[in-house]
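Have the structure open as you read.

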Amino acid sequence: VPSNSTIVKRPAGFSADAVKDDRDRLREAFGRNEASGDDNVWIVKPSCGAKGLGILVTASVEKAIEYVDSQKLLHVVQKYIHNPLLLGGDRKFDIRTWVLLDHNYQIFMYKEGVLRTTSEPYRPGDLGATTSHLTNHYLQERYSSNYGVYEEG
């Protein structure tokens, strides 16, 4: 789990020592951000998911915890990047590439990657605008009326 992430819920069948429940640490981090005036938006993602499903973007630590508790899967909660680098048209993007690290610490990188984009301009004030915040292809195709306008679908 990355250092800027926290596991909120122990999955069923794991011992208490295997996965730490970090609700208090999450609340502390939320409080520190709030006290310092920093942006305080968090993204909650299932540890094993597809199609961008099961993701929540929220400014409420209690809503994040309640959401995780209502799910069956283990989730990761991360600080949301409030000032992302944007493409023309104020759209979010991410770059996916495949890398292999072998047992001798040799690095192999696949020559091609994938650029994923949103079909809607970034709206930081509207956390429910899924197609503004998440670059997942499935979500863009299914929910955005602008899908395919900027790039081929």
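## A tyrosine on show

You'll find Tyr105 in the loop between β5 and β6; strands here are DSSP runs of E with at least two residues, and helices are runs of H or I with at least four, numbered from the N terminus.

This is a predicted model, where local features need pLDDT of at least 70 and side-chain atom pairs pLDDT 80 or more, while totals for chains, interfaces and linings use all residues. Residues are numbered from 1 along each chain as its sequence is written, and side-chain values use heavy atoms, without hydrogens and water.

## The largest pocket

How much space lies in the largest pocket? About 670 Å³. A pocket is an open set of points on a 1 Å grid over the protein atoms alone, where a 1.4 Å probe fits, with protein on both sides within 12 Å along at least five of seven lines; lining residues have an atom within 4 Å of a point. The volume is the space filled by probe spheres set on the points, which are joined across faces, edges and corners.

Its lining has 25 residues, with Ile43, Lys45, Asp94, Arg96 and Arg116 nearest the centre. Two or more lining residues come from each of β2 (42–46), β4 (75–79) and β5.

## The second largest pocket

The second largest pocket holds about 230 Å³ of space. Among its 17 lining residues, Thr117, His137, Tyr147, Glu151 and Glu152 lie nearest the centre. β6 gives the largest share of this lining, four residues.
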